[in-house]
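These are my notebook entries on a single protein chain. I looked up its overall layout and then a few selected residues.

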Amino acid sequence: MLSYPQFSPEAFSIGPLHVRWYGLMYLCSFVAAWLLGRRRAKNSGVFSKAQFEEVLTFGILGVILGARLGYVLFYKPAMFWQDPIKILQIWQGGMSFHGGLLGVILAQWLSGRRYGKSLFETMDFMAPLVPPGLFFGRMGNFINGELWGRVTDSPWGMIFPDAGPLPRHPSQLYEAALEGIVLFTILWIYSARPRPKMAVSGLFCLGYGVFRCFVEFFRQPDAHLGYLAFGWLTMGMLLCLPMIALGLTLLYLALRRKIPRAGTRGITGS
């Protein structure tokens with residue numbers, strides 16, 4: 001069994017300003033997206049660096065608002081009428097990836113239109129920039145000692161401060177590795193060469209959906225929701241199934257456009 005390192009939720013303070021690790025992880029996510037996006041802008045020609053930075057700004061607003069509202073909508077809808085002021089307290093944790101994704105899609109569609117880009121042109125460009133943010137987000141969950149895994153007798157099980165006396169899977173680290181490091185590596189390499197429109201977005205949706213569903217088998221479901229059906233189906237899985245279906249559909253459409261039809265020559269997608 002591994003020892004869970006005891007973290008203070010507060011990274012540091014300067015006078016009355018208290019900076020929490022969770023907020024700091026979001027800052028690291030945005031910095032990583034900015035650095036990687038500037039490099040993609042230089043190499044891809046889809047956006048200039050200045051255009052990318054504006055699109056990223058819209059994306060940051062979309063992910064924060066969408067992630068928080070999505071968390072409340074999907075996991076704690078009663079908060080809307082019982083204690084709506086808590087919706088603004090994002091430093092306490094409680095952000096939904098799926099809500100953030102919807103917020104980003106809306107923001108990228110609006111911002112991409114300013115430069116004559118379609119939704120999928122923008123999303124294909126931005127998709128490889130998302131996994132580093134997922135990595136830092138899951139590390140924030142680990143530092144906060146939240147969203148822990150199910151009870152385990154594996155040698156790497158950990159006893160989390162608020163999860164009882166039994167060792168549990170450090171599922172936050174599993175997600176950080178798969179959704180963050182592995183998915184980023186796949187997308188970055190795949191998008192390094194020109195791909196048909198929708199292909200990169202499709203690969204992102206498929207990869208995230210599969211990795212998240214896999215980790216859900218090790219992650220403890222939210223206490224107030226539990227298992228939705230069959231003694232194993234969780235809300236995380238349910239929200240990922242449409243992503244997997246969408247990813248497969250987008251990849252099929254993208255790759256089909258690239259394959260020349262019978263009797264034609266060199267017809268490819270863009």
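This is a predicted model: local features need pLDDT of at least 70, side-chain atom pairs count only at pLDDT 80 or more; totals for chains, interfaces and linings use all residues.

Residues are numbered from 1 along each chain as its sequence is written, and side-chain values use heavy atoms, with hydrogens and water left out.

Entry 1. Overall layout.

I counted helices and strands as DSSP runs (H or I of at least four residues for helices, E of at least two for strands), numbered from the N terminus. The protein chain has 9 helices and 2 strands, and the order along the sequence is β-β-α-α-α-α-α-α-α-α-α. Its radius of gyration is 20 Å, close to the 18 Å of the globule rule for 270 residues, so the chain is as compact as a globular protein of that length. The radius is taken over C-alpha atoms, and the rule is 2.2 Å times the number of residues to the power 0.38. Along the principal axes, the C-alpha atoms fill a box of roughly 65 × 50 × 40 Å.

I recorded that 45% of the 270 residues count as buried. For contacts I used heavy atoms within 4.5 Å. Of the contacts with a separation of 6 or more, 68% join residues 24 or more positions apart.

Entry 2. Charges.

I counted Lys and Arg as positive and Asp and Glu as negative, leaving out His and the chain ends. I placed each charge at NZ of Lys, CZ of Arg, CG of Asp or CD of Glu. The protein chain carries 25 positive and 13 negative side chains, and the centres of the two sets lie 14 Å apart.

Where is Ser171 placed? I found Ser171 in helix H7, which covers residues 171–190, and Ser171 counts as buried at 0% relative accessibility. The side chain of Ser171 reaches the backbone oxygen of Leu147 at 3.2 Å. I took a polar contact as a pair of N or O atoms within 3.5 Å; within protein, one must be able to donate a hydrogen and the other to accept it, and residues adjacent in sequence count only if both atoms are side-chain atoms.

Leu147 lies in the loop between helix H6 (130–144) and H7, and is partly exposed at 28% relative accessible area. I noted its positive phi of about 55 degrees, although Leu147 is not a glycine.

Entry 3. Val215 across from Ser171.

Val215 belongs to helix H8 and is buried, with a relative accessible area of 0%. Leaving aside neighbours within four places in sequence, Val215 is in contact with Ser171, Tyr174, Glu175 and Leu178.

Entry 4. Arg138.

Is Arg138 buried or exposed? At 10% relative accessibility, Arg138 counts as buried; its place is in helix H6. The side chains of Arg138 and Asn141 make a polar contact at 3.0 Å. Beyond four places in sequence, the contacts of Arg138 include Leu147, Glu175, Glu179 and Arg219.

Entry 5. Met198.

I found a positive phi of about 85 degrees at Met198, which is not a glycine. Met198 sits in the loop between H7 and helix H8 (199–216) and is buried at 12% relative accessible area.

Which residues of helix H5 (residues 119–126) are buried? They are Thr122, Met123, Asp124, Phe125 and Met126. I found that the buried residues of H5 pack against helix H1 (21–44), helix H2 (49–75), helix H4 (97–113), H6 and H8.

Glu121 also lies in H5, and is partly exposed at 30% relative accessible area. A polar atom of its side chain lies 2.8 Å from the backbone nitrogen of Ser118. Leaving aside neighbours within four places in sequence, Glu121 is in contact with Val46, Gly116 and Lys197.

Technical notes. Buried means under 20% relative accessible area, exposed over 50%, partly exposed in between (1.4 Å probe, protein chains only).
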